[in-house]
Each structure stands twice: as structure tokens, then as C-alpha cells.
Amino acid sequence: MTVTAAPETRADADDLSVWPASARRLPQGGLAVGGVSLAEIADRFDTPVYVLDEGEVRARCRTYRDAFPDADVLYAAKAFLSRAMVRWIDEEGLGLDVCSAGELELAVTAGFPAERVLLHGNAKSPHDVEAALRLGVGRIVIDSPSEIARLAAAVGTGGPQKVMVRVVPGIMAGGHEKIRTGTDDQKFGLSLTDGSAQHAIARILSQPRLELTGLHCHIGSQITEVKPYVAAVRRMVGLMARVRDAHGAVLSELDMGGGHGVAYRPGEAALDPTALARRLRAELVASCAAAGLAVPRLAIEPGRAVVGPAGVALYRVLAVKRGAARTFVAVDGGMSDNPRPALYGVRYAPRLVGRRSAAEPCAATVVGRHCEAGDVLAADVSLPEDVRPGDLLAVPVSGAYQLSMASGYNMVGRPPVVAVDGGTARLLVRRETLQDFRSRDVGD
């Protein structure tokens with residue numbers, strides 16, 4: 001049986017708890033982020049447009065640095081990457097986690113030190129490996145047995161290259177089945193339960209051109225509880241002890257990945273970095289003491305938790321259809337700029353901005369402009385009954401996995417990214433145009 005969630009109340013719709021800390025109400029129903037009116041941004045840069053609060057990004061980086069002072073905090077570039085984001089991450093003292101030559105080269109050409117970069121991915125292309133070795137990445141995470149000999153051969157006489165092994169620890173966690181990566185029978189990593197991880201570790205230790213520095217795991221995404229991470233640490237330390245006993249190798253690093261959950265709507269749970277740090281450190285120390293191991297250097301890879309809540313997406317309403325059960329509000333964007341509701345069932349809390357409405361709230365479904373019935377941005381949300389074409393809708397927690405997963409569907413073009421900070425707005429990434437589509441089409 002399908003259960004339809006009740007729409008938010010008017011009080012919920014006015015709740016700014018999931019917005020950037022800089023969000024401020026303005027007269028006549030307006031809203032400002034980073035000291036800049038969202039309505040003014042929409043007028044200046046058109047819609048759809050992503051707004052990114054630089055101050056919020058930096059504050060979240062500092063929260064992680066303060067919570068994990070003795071660990072390596074690597075920002076997961078797949079959440080969102082641009083030259084400006086690279087600079088912010090660098091200046092705030094974080095490392096970088098990338099999964100392609102494209103992400104790596106953008107970061108390095110923007111001035112990020114390659115030695116503070118970790119490359120992983122379940123199917124690295126020859127170009128990915130070549131770029132990593134040429135630019136001198138700090139770590140490469142081995143994800144499959146076939147990578148071992150291929151990477152060793154690519155290193156040649158210039159090695160050794162520092163590597164880690166991605167282990168599947170058999171922990172189920174994550175907000176949706178498509179983003180749970182800690183259990184067996186999925187494409188990532190090497191299993192702890194069937195011996196694949198142990199076999200790969202033995203092979204790597206026999207390769208003089210590869211230096212195994214530690215283990216890596218990533219148990220899933222949008223995780224809001226600390227407990228799965230604690231269980232994963234316990235299993236990873238157990239494997240490190242077995243590696244020492246079998247091979248005499250003491251691994252000095254343990255990367256626990258990311259997947260730290262955020263609240264997309266008021267009242268939802270989010271992972272607390274400070275509580276995570278306290279529990280991870282306690283478990284790591286206790287497990288290593290029980291195993292007689294030196295405590296390895298910890299690493300984590302937050303992405304969504306750094307940039308997600310710093311972003312706001314702005315849309316203009318194009319059409320409204322009022323039915324008996326619900327109102328459909330169609331906007332000028334959709335699944336081409338945010339496929340996540342269709343992929344993972346993510347639920348957002350859009351808000352009318354730019355004008356004040358005294359109308360009663362109604363149950364509305366915000367849909368996109370694309371030729372797909374599944375092109376839904378936000379189902380069963382509360383909007384004023386008088387919502388109409390021309391209105392401006394703002395969607396908080398839109399900083400992660402939107403531009404990075406955006407497509408060219410229907411040749412609509414991906415939105416621009418505008419940074420706000422201290423009352424000023426500046427363009428970071430321009431809007432994709434029809435000319436961009438035409439320039440790639442080189443056939444007759």
C-alpha cells in the first residue's frame with residue numbers, strides 16, 4: 001500500500017532550520033541568503049539557478065576540522081566541484097577525494113596540491129590512472145583485483161605509489177537501497193566476508209611498485225546515525241590485525257569514507273560530526289588496544305554534509321493545474337537539474353519567495369518541465385493556494401549532487417551557480433546554452 005505523506009503546515013513552511021545560517025526574512029515575503037535577496041538573484045541571473053552560500057561552506061569545513069583535529073578530512077568532490085569550491089576547500093585545510101581524471105585535473109589546475117588528493121572509483125579508466133600518476137596524487141584506492149597489476153605496471157620505475165584497499169565491511173546503512181555500499185553483492189570494493197579483501201591485500205604487499213598505506217571503506221550515503229560507523233571501525237581494525245598477523249605489515253591509515261546525512265526538510269535527522277568524531281575515536285582506540293595495534297591515522301570524506309545545506313535552487317513557476325486532490329505546480333527546471341527525487345526519492349521543502357501570501361496552504365506537487373511523468377521535484381508539499389505562474393520558488397539543501405548529476409535532457413541546459421557572501425553575488429559557473437549543445441554536434 002502506498003502512503004502519501006501529509007503536506008507541511010504553514011508553520012513548517014516558514015521554518016528556516018534547514019536553510020543556510022545566513023538566511024534572513026525580508027519584507028513582503030522575501031528571503032535573503034548571504035546578505036543577498038533571492039528574488040534579486042533570480043532577476044539578475046534568471047532561473048533556474050543554484051545559489052551557494054560561501055560562508056556556510058566554509059563554516060561546515062571548520063566544523064569538521066574542529067571535530068576531527070587529528071584526522072584527514074577529505075571533501076568528496078562528486079557532491080559539487082568548481083574552481084571556487086577548490087579554493088575554499090584548500091583555504092579551509094581540507095583534502096580532496098576525487099573519482100575521475102576530470103575532477104582531479106580541475107582541482108590541480110585550480111591550484112590544489114595533488115598530494116592532498118585521494119582517487120577512488122570502482123572502474124578507473126586508463127586516463128584516470130595516467131592523470132593520477134602524472135599529477136602525483138597522494139593515494140589511489142584499489143577497488144578490484146584487476147587494478148593491482150594494471151596500476152603497478154602503469155607506475156613503472158617511478159614508484160612506489162601509495163595505495164589503499166576499499167573493503168566492504170558487511171554493514172548495511174544509508175537512506176536508500178541505491179546508496180548503500182557497505183554490503184556484499186554490489187559493485188564497490190572487496191568483500192571482507194568472502195576473503196576477497198584479504199587476497200587483494202596479499203597481492204599488493206607483493207608488489208614493490210605499490211605501497212599499501214591502509215584500508216578504506218564507505219558504507220553508504222545519507223546516514224544519520226553514528227552506530228553503523230562504529231561497527232565498521234570495529235571490523236576494519238579486525239582486518240588490520242589479521243593483516244599484521246599474516247604478513248607482518250602494520251597499516252598506518254584508516255579511511256572511513258563519508259555518507260554523512262543532512263536534513264532536507266524541517267524536523268528530519270542529520271548526522272552530528274562532533275558526535276561522530278567522539279564515537280569513532282573512542283572505538284578506534286579501544287579496538288586497536290584490544291588488538292595490540294598502534295592507532296592508525298583516521299580519514300573521513302564528507303561531501304553532501306559540507307555543501308548540501310549551503311545551496312538553494314531557485315525556480316520560476318510556469319504553470320499551475322488545480323485538481324480535486326492536489327495542485328500541480330510546474331517550474332522551469334526539473335530532473336535535468338535535479339534527478340535525485342526520481343533516483344532516490346529525496347523529499348525537499350520548496351518555499352514561495354518574493355511575495356507575501358495570505359492564502360491558506362494547499363497540498364501541492366512541484367513538477368518539472370520535462371517529458372517524463374517521473375519529473376517530480378517535490379511531492380506533497382505545502383504552498384499557498386494562490387500560487388501562480390511567475391512566482392518564485394526556492395528549494396533549500398540544493399548544494400550537493402544537483403549540478404554534478406545534471407544532464408542535457410530535452411536540451412534545456414544546466415543552470416548557473418551563483419555564490420553569495422557578505423551581501424554580494426558573483427557567478428561561479430555560467431548557464432549552459434543552446435550554442436554549447438550545437439558546438440558539440442559536429443556531424444552532418
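1. Let's start with Val397, which counts as buried because its relative accessibility is 1%, under the 20% cut-off. Keep in mind that this is a predicted model. Val397 also has a positive phi, about 55°, although it is not a glycine. You'll find Val397 in the loop between β19 (392–396) and β20 (417–421).

2. Met411 is worth a look alongside it. This residue, too, is in the loop between β19 and β20, and its phi is near 50°, a positive value in a residue other than glycine. Is Met411 buried or exposed? It counts as exposed, because its relative accessibility is 55% and the cut-off is over 50%.

3. Next, have a look at the peptide bond joining Thr47 and Pro48: it is cis, with omega about -5°. Pro48 belongs to the loop between α2 (38–45) and β4 (49–53).

4. Now for Asp143, in the loop between β8 (139–142) and α7 (146–155). Asp143 is buried yet has no salt bridge. Which side chain of opposite charge is nearest to Asp143? That's Arg166, 4.1 Å away; a salt bridge has to be within 4 Å.

5. What does the side chain of Asp143 reach at 2.9 Å? The backbone nitrogen of Gly189. Leaving aside neighbours within four places in sequence, Asp143 is in contact with Gly121, Asn122, Lys124, Arg166, Lys187, Phe188, Gly189 and Leu190. So if you're browsing the model around Asp143, both Arg166 and Gly189 are among its contacts, within the 4.5 Å used for contact.

How values were computed:
Residues are numbered from 1 along each chain as its sequence is written. This is a predicted model: local features need pLDDT of at least 70, side-chain atom pairs count only at pLDDT 80 or more; totals for chains, interfaces and linings use all residues. Side-chain values use heavy atoms; hydrogens and water are left out. Helices (H or I, at least four residues) and strands (E, at least two) are DSSP runs, numbered from the N terminus. Buried means under 20% relative accessible area, exposed over 50%, partly exposed in between (1.4 Å probe, protein chains only). Lys and Arg count as positive and Asp and Glu as negative; His and the chain ends are not counted. A polar contact is a pair of N or O atoms within 3.5 Å; within protein, one must be able to donate a hydrogen and the other to accept it, and residues adjacent in sequence count only if both atoms are side-chain atoms.
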